[in-house]
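Here is a brisk report on one structure. Please keep the sequence and the model open while reading.

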Amino acid sequence: MAGFVTRREFLNLLGTTGGTAATLRAGAALGLLPGTAAAANLDLLNLAGNSRKVAILGGGISGLTVAYELGKRGYDCEILEASHRCGGRIFTVRHGDLIDEIGNRQYCDFDDEPHMYFNAGAARIPSTHRNLLAYCKELGVELEIFINENKTSLVQDDAMLGGKPIRNIDYTTNMRGFMAELMAKAMTADEMNSPFSEGEAETLLSMIRDFGDLNEDDLYKGSFRAGYAEGGFLKHGVQNDMIAFRDLLQTRLGRQLMGANEGDTGPILLQPKGGMDKIIQGFLRQVGDRVKYRAMVAGVQVRDNGVEIAYDQDGVRHTMQADYCFNCIPTHLMVGIDHNFPSDYVQAMKYVRRGEAYKAAFQAKTRFWEDMDIYGGISWMNNPSRQIWYPTDGIHKEKGVVLGAYDYGGGMYHTKMTQAERIEAHLSDGEKLHPDYRNLVEKPITIAWHRMNHMLGCSARWQRSFGRGWTHEEEELYHRLQQPVNGRHYFIGDQVSMHSAWQESAVMSAQWAMTDLDQRVRAETA
Amino acid sequence: MNKNTFSVVVSTWLMLGSAVLMAADEGREPFNDRYCTTCHGTDGQGNEGVQAPRLAGMEDWYLQRQLENFRAGIRGTHPMDIEGIAMQPMAAKLSDESIADIVEWVGSWPYKPAEVTLEGDVQAGAQLYASCASCHGRDASGNEALGAPALRGQNDWYLVTQLKNFMAGYRGHHPDDTYGQQMRPMAQMLRDETGIINVVSYINSLVQR
């Protein structure tokens with residue numbers, strides 16, 4: 001065909017214009033060549049006795065990554081953590097733990113058992129987040145599969161079917177059927193004018209039929225995919241009734257239901273066995289002796305030959321001299337801490353908005369969801385609590401911890417409530433899915449990230465108009481914040497990434513900063 | 001031991017004492033209510049990043065009154081008072097002892113005028129300030145007898161927000177907010193945002209004199 005190039009020709013073309021590196025990258029994208037090694041393979045110079053002092057501000061995962069990696073290369077690292085714990089928004093709540101929300105301090109009263117925990121921040125690891133996974137492997141953090149989408153879980157919207165909850169699989173099977181029917185009709189009508197050959201069109205049509213389980217007339221008449229109304233094992237199965245297309249269209253939850261397995265939350269997702277903070281514990285087994293807790297940074301002064309840090313601990317102001325500083329304090333808090341940063345850097349710090357995500361959890365007295373064939377996964381509600389997550393851990397044990405609310409976009413709706421109001425909201429929302437919910441759950445906890453002490457926000461928001469991409473100005477501010485001050489001070493954390501709210505971004509921001517520093521150190525020592 | 005050394009020792013001891021008092025039982029993570037600097041910045045110098053004003057240099061009587069007003073819901077409950085409703089729940093559970101402890105702690109921070117971020121018409125602001133001066137003082141250093149706090153040295157962006165809130169009735173709307181209610185008609189005299197920026201620019205200039 002005129003104007004078409006084969007993949008091989010395309011690669012040759014790129015090779016002549018962009019050099020070998022371009023060929024390699026494009027090759028990896030097209031799946032012809034293996035990608036970079038799965039493990040985080042940082043090529044950093046070992047100082048070999050020529051020790052340099054590194055001050056790490058904040059014991060989040062990016063700070064711990066720096067302490068671990070630079071510590072291995074002979075740097076003398078010290079972490080100043082303002083709170084009583086490391087991990088930041090990697091926060092697993094268990095029996096007795098303090099949830100340090102300003103104005104709403106809570107202690108968790110869950111039963112003291114290994115599976116009775118709640119990942120209040122980071123909760124999922126996509127299998128493509130290879131740098132984080134490499135650390136899990138290296139640090140001996142045992143992983144298990146995380147169940148995200150569950151076809152037997154529920155969907156509920158007051159506007160759909162009189163508010164009666166239906167199974168995820170009933171929604172998705174029927175929706176796919178109707179969508180496929182529309183696509184098949186469009187295919188047959190436009191086939192003659194379409195850019196497809198007869199063979200291609202046939203392949204596409206057969207995929208569409210299969211996507212929606214259409215009958216021989218390309219119509220959707222229900223499907224056994226949604227399970228059986230009865231029978232199916234010792235007797236013939238009886239098909240579930242179809243749900244009318246128009247009924248399904250009464251809810252907007254389809255966006256979540258049809259997209260749950262795409263992008264960052266696509267299979268396979270993983271989690272550490274026993275709680276997300278097992279990753280933090282893994283790092284702390286290596287660098288735990290380098291952490292000062294309840295040490296609140298009070299000043300960062302970048303000098304020609306180093307960085308001077310002031311911090312408060314036990315009511316006393318201390319100072320620390322370091323050669324380099326890696327800083328994962330949220331930028332919105334750093335604005336209020338003494339510093340001598342240049343004005344364009346401060347402008348970038350002030351631009352970033354703080355995230356508002358909110359989560360809540362209950363201890364369930366029984367694993368009532370398992371009696372409904374639900375094992376892990378998410379039920380969706382069109383109300384402010386939005387989601388109920390059933391635990392992947394502890395199958396068939398007596399109790400479990402359920403997520404009772406997760407507002408990842410907004411969150412201020414619940415944040416602004418009192419603790420009692422929040423809990424009542426989640427109970428009455430949850431009753432829409434499980435009528436006896438109020439009596440089945442107990443010992444609530446809520447995590448309003450916007451008010452958590454020493455953080456005051458969830459993941460950083462760089463984009464003012466979300467959904468419309470980054471503006472040129474935003475990209476410039478971001479790149480300014482990524483660059484060091486005087487080659488001495490680096491901001492790190494998922495706040496210095498274009499994909500915040502993921503541990504992988506935090507880890508990669510730390511790796512980027514260390515690689516930049518390494519080049520400077522090599523240049524000095526050369 | 002001279003007097004100064006003695007007072008340092010006593011205040012350190014008091015601080016440790018209060019932390020121990022507030023430690024939770026059952027071996028749980030201890031805490032105290034000295035969390036102000038998370039939002040209000042190093043030594044309470046204010047943090048534009050979270051719109052939390054400077055506390056350092058604030059009069060003890062004014063700080064105590066505002067904490068009590070926030071706690072009682074007299075301030076920070078109007079739905080349009082964005083910064084106020086962020087603060088209100090943070091003060092809602094403070095005990096009298098905690099408030100006293102915080103006021104004492106804040107008093108230990110050095111007064112340092114905040115960074116100037118506004119460029120209004122200082123001359124025009126000076127004329128508008130004439131009516132403010134009767135309560136807040138000619139040099140904007142406040143007047144305890146009249147319940148009027150010092151204004152100079154405060155974060156200018158905070159003063160602008162508060163004047164706007166007074167003008168719109170978002171602050172001083174509660175019937176028990178005696179001083180806030182007095183302030184509301186005074187803020188009207190600034191007419192509009194330009195007037196507010198000008199008067200705050202004049203207040204900024206008082207620090208530099």
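A residue is buried if 20 or more other C-beta atoms lie within 10 Å of its own, exposed if 12 or fewer, and partly exposed in between; the C-beta atoms are placed from the backbone. By that rule, 39% of the 209 residues in chain B are buried.

The model is predicted: local features need pLDDT of at least 70, side-chain atom pairs count only at pLDDT 80 or more, and totals for chains, interfaces and linings use all residues. Residues are numbered from 1 along each chain as its sequence is written, while chains are lettered from A and ligands numbered from 1 in the order in which they are written.

**Chain B.** Chain B holds 9 helices and 0 strands. Helices (H or I, at least four residues) and strands (E, at least two) are DSSP runs, numbered from the N terminus. The order from the N terminus is α-α-α-α-α-α-α-α-α. Two residues are in contact if their C-beta atoms, placed from the backbone, lie within 7 Å. Of the chain B contacts with a separation of 6 or more, 61% join residues 24 or more positions apart.

**Confidence in chain A.** pLDDT is the predictor's confidence in each residue, from 0 to 100. Chain A has a mean pLDDT of 91, and 91% of its residues reach 70 or more. Residues 1-39 of chain A have pLDDT below 50; beyond near neighbours in sequence, this stretch has 19 contacts in the model. Where pLDDT is low, the predicted coordinates should not be read in detail.

**Helix 2 of chain A.** How many of the 12 residues of helix 2 of chain A are buried? The count is 10, so helix 2 of chain A is largely enclosed by the rest of the structure. Among them are A:Ile61, A:Gly63, A:Tyr68 and A:Leu70. Their cover includes strand 1 (53-57), strand 18 (324-327) and helix 15 (503-525) of chain A. After helix 2 of chain A comes A:Gly74, with a positive phi near 90°.

**Strand 18 of chain A.** Both faces of this strand are covered. A:Tyr324 and A:Phe326 are buried on one side, A:Cys325 and A:Asn327 on the other. Two strands pair if DSSP finds at least two bridges between them. The pairings of strand 18 of chain A follow.

| Partner strand | Sense | Bridges |
|---|---|---|
| Strand 1 of chain A | parallel | 4 bridges |
| Strand 27 (residues 489-491) of chain A | parallel | 3 bridges |

A:Phe326 is the bridge partner of A:Ile56. A:Phe326 also stands opposite A:Tyr490 in strand 27 of chain A.
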